[in-house]
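Hi everyone, thanks for coming.

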Amino acid sequence: MRKNVLKALPELLSQGVIDEATAKKIEAYYLDTTTTGSQKILLIFAILGALLVGMGIILIIAHNWDSLSTAARLVLSFTPLFLTQLLLIYFWIKKSSSQPLTESVSILNFFAVPVCLSLISQIYHMASGLDAFLLTWLFLTWPLIFFPGSKMVRLLFIIVATWYGCELRYFTFEGDIPMWFLPLIAIPFLHFIFQNENKAQDYLTAWLLGISITIMAGAFIKSYHWLLFPLYILLFSIFYLSGQLYSGNRKKLFWQNPWLSFGQLGFAICCFLLAYDFYWNSKPSAFPDLTTFVSSPEVVQLIFFIFLLSVGIHLLIRYKGWKYIFPELSGSLIMIILIFIFFTLPIPFKTGVIAANIILFTSGVFYLVMGIKEKDFARTNFGLICICAITIARFFDQDISFIIRGLVFILMGAGFFTANYFIVKKQKTT
Amino acid sequence: MKQVGIIVLLALFVAQWWIPAGMIAERENTLRKGKIVRFKTEPIDPIDVFRGKYVDLNFENTTLRVSSGQLWQRNEKVFAIVREHFDGYARIVNISRKRPVAGLYFETRIESVQRLGNQLQINLQIPFNRYYAGEFIAPDIERIYAEAGIEGWAQVRILNGLAVLEELYIQNKPVPEWFKERGSH
């Protein structure tokens, strides 16, 4: 395409279809886009290369070169650190504009820290656990996430921080996360939100952050397991509100509005799980002692989430109006209230199961209708997926004839075709 | 802005050197000036993603029995007081919340507390229970101990509350030497 246009330029000029200025503009445009395109590919390969080299060095160090002298191993341990630091200082002073270079060197510096720590641990037989190792690593690379041209380090930092949290709370059940660690994570998070540049890497960071927060949100639940669902529904509502507040443009693609999409997806998954009876069957025979319950970490976390949600709702009403709260957020609020009523009052467990089924089904219909109305493929199909998921799940629960099951599946498939066909048709007419 | 940036960057790089160098300095000091003690041990070999294979040393006499009058909590920071026995091996004889003024001791945490009648059984975390060895040596160390029932001990240096594992011994010989003599690895 590009070649054809560029080849055609002299002819168009000679025939007087375009003037010289336009021809130059067209030429500049195509040359520019190809450079950006090739730079992007270069950036991806530079990042991949740095990641592989970094992890490769870690593996080579893990071999344990105990035949080398202590001095040689110490020099080795600081060499990658020294080289990457020198290069980063050079880039900073020279104001290097080459993103592939700065990204790959900052990734290598991010990996140079554990290489150094590993070698020292091996030389002096340090017995500290993996959690302490990961924490030191995070501490010594934290400022790098603010360094311009080190966006990939942000992603790596989130991954290692999640790993650290899991190591402490899920894998070993040993320690508490130090209090200073939470602002360490929260500050770059806030920095990132306020500096959203709407680039692919920012979306990726937001998605990863969402996944990380989702994983860690359940880490403090130890005694009151039934609080798991209210906590997660609250969290997904907060995500949804953040999405509405910071990038509430509905026309954005699914992956371009991570918080909104994550919130909707998370809530749908919660409803889908609640539509089974395993959770409702786990109701404890007696309500826990109120004093112990109120002072538990689960309740503290619950109160914190409720506070965040209230602030979010307040801001949304103030800046955007009521219509964004209902009906999309009403499903979550009804579900949370229902769970609390169920766990405090003697109500048959089927109530919860039926409610979750109805809420997911209604949400699905809502997304479907809104999607068709707004000619939005993602919303329409998300609605259809919600409806299909709940229908299919109930179908396998019940003893229903194969013929009826088959017919319903065909109907659902036809639903997908029809809904998408209508949107395409609507888009063409406008 | 650029100057602030470069100062922050330099501060980070200094920290990236300072903290590992501090770890090295502390341990080198202990290895040079620390008192040598021996702990009887049995090894098993696990793996660490970053630091490679190591031998997890299972020490004898790391469990203490204290009167239940005093309250001790899991994960609490304590000082383990060490005394050398007539057989040449060291043992942990007591724990204290306060740093002892003299004698052999090291800083650690309580691994677990269990009530046994009117006594408490306290298990301590041992800050020198990992012996990092070559990728192919580590599994062999465990196998040799298990097969022949060979006695082993760890040489540890202790100074001002810091204990550093200096060497692991098999049949009174440092592990690298033992393997070298047998021509393996």
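One term before we start: I'll say two residues are in contact if their C-beta atoms, placed from the backbone, lie within 7 Å. And please keep in mind that this is a predicted model.

Chain B is split into domain 1, residues 1-33, and domain 2, residues 36-181. How many residues of domain 1 of chain B are in contact with domain 2 of chain B? It's 6 residues of domain 1 of chain B, and they touch 5 residues of domain 2 of chain B. On the domain 1 side of that contact, we have 1 nonpolar, 2 polar and 3 charged residues. If you take the centres of the two domains of chain B over their C-alpha atoms, they sit 29 Å apart.

Okay, stepping back to chain B as a whole. You'll find 3 helices and 12 strands in chain B. Chain B has 185 residues, and 30% of them count as buried. Along the principal axes, the C-alpha atoms of chain B fill a box of roughly 65 × 55 × 30 Å. Now take the contacts in chain B with a separation of 6 or more: 64% of those come from residues 24 or more positions apart.

Now for chain A. How many helices and strands does chain A have? The count is 17 helices and 0 strands. There are 430 residues in chain A, with 31% of them buried. The box for the C-alpha atoms of chain A is roughly 80 × 70 × 50 Å, again along the principal axes. And for chain A, residues 24 or more positions apart make up 72% of the contacts with a separation of 6 or more.

Let's zoom in on some helices in chain A. The crossing of α5(A) past α6(A) is left-handed. Among the residues that meet here are A:L134, A:W137 and A:L138 from α5(A), and A:F157, A:W163 and A:L168 from α6(A). By class, this α5(A) and α6(A) contact has 11 nonpolar, 1 polar and 2 charged residues.

Helix α6(A) has another partner, helix α4, residues 99-124 of chain A: these two pack at about 30°, with their axes 8 Å apart. That angle makes α4(A) roughly parallel to α6(A). On the α4(A) side the contact uses A:E103, A:S106, A:I107 and A:F110, and on the α6(A) side A:K151, A:M152, A:V153 and A:L156. Those residues divide into 5 nonpolar, 1 polar and 2 charged.

Last stop: where the two chains touch. Chain B brings 32 residues to the contact and chain A brings 30. Which element of chain B gives the most to this side? That's α1(B), with 13 residues. The elements of chain B giving two or more residues are α1 (2-33), β3 (52-59), β9 (130-132) and β11 (162-170). By class, the chain B side has 20 nonpolar, 6 polar and 6 charged residues.

Conventions: Residues numbered from 1 in each chain as written. Chains lettered and ligands numbered in written order. Predicted model: local features only at pLDDT ≥ 70, side-chain atom pairs only at ≥ 80, totals over all residues. Helix = DSSP H or I, 4+ residues; strand = E, 2+ residues; numbered from the N terminus. Buried ≥ 20, exposed ≤ 12 C-beta atoms within 10 Å, placed from the backbone. Left-handed = near helix turned anticlockwise from the far one by under 90°. Nonpolar A, V, L, I, M, F, W, Y, C, P; charged D, E, K, R; others polar. Domains from an automatic or database assignment. Axes fitted to C-alpha atoms, helices over the stretch in contact; angles between N-to-C directions. Parallel < 35°, antiparallel > 145°, perpendicular 65-115°, else oblique.
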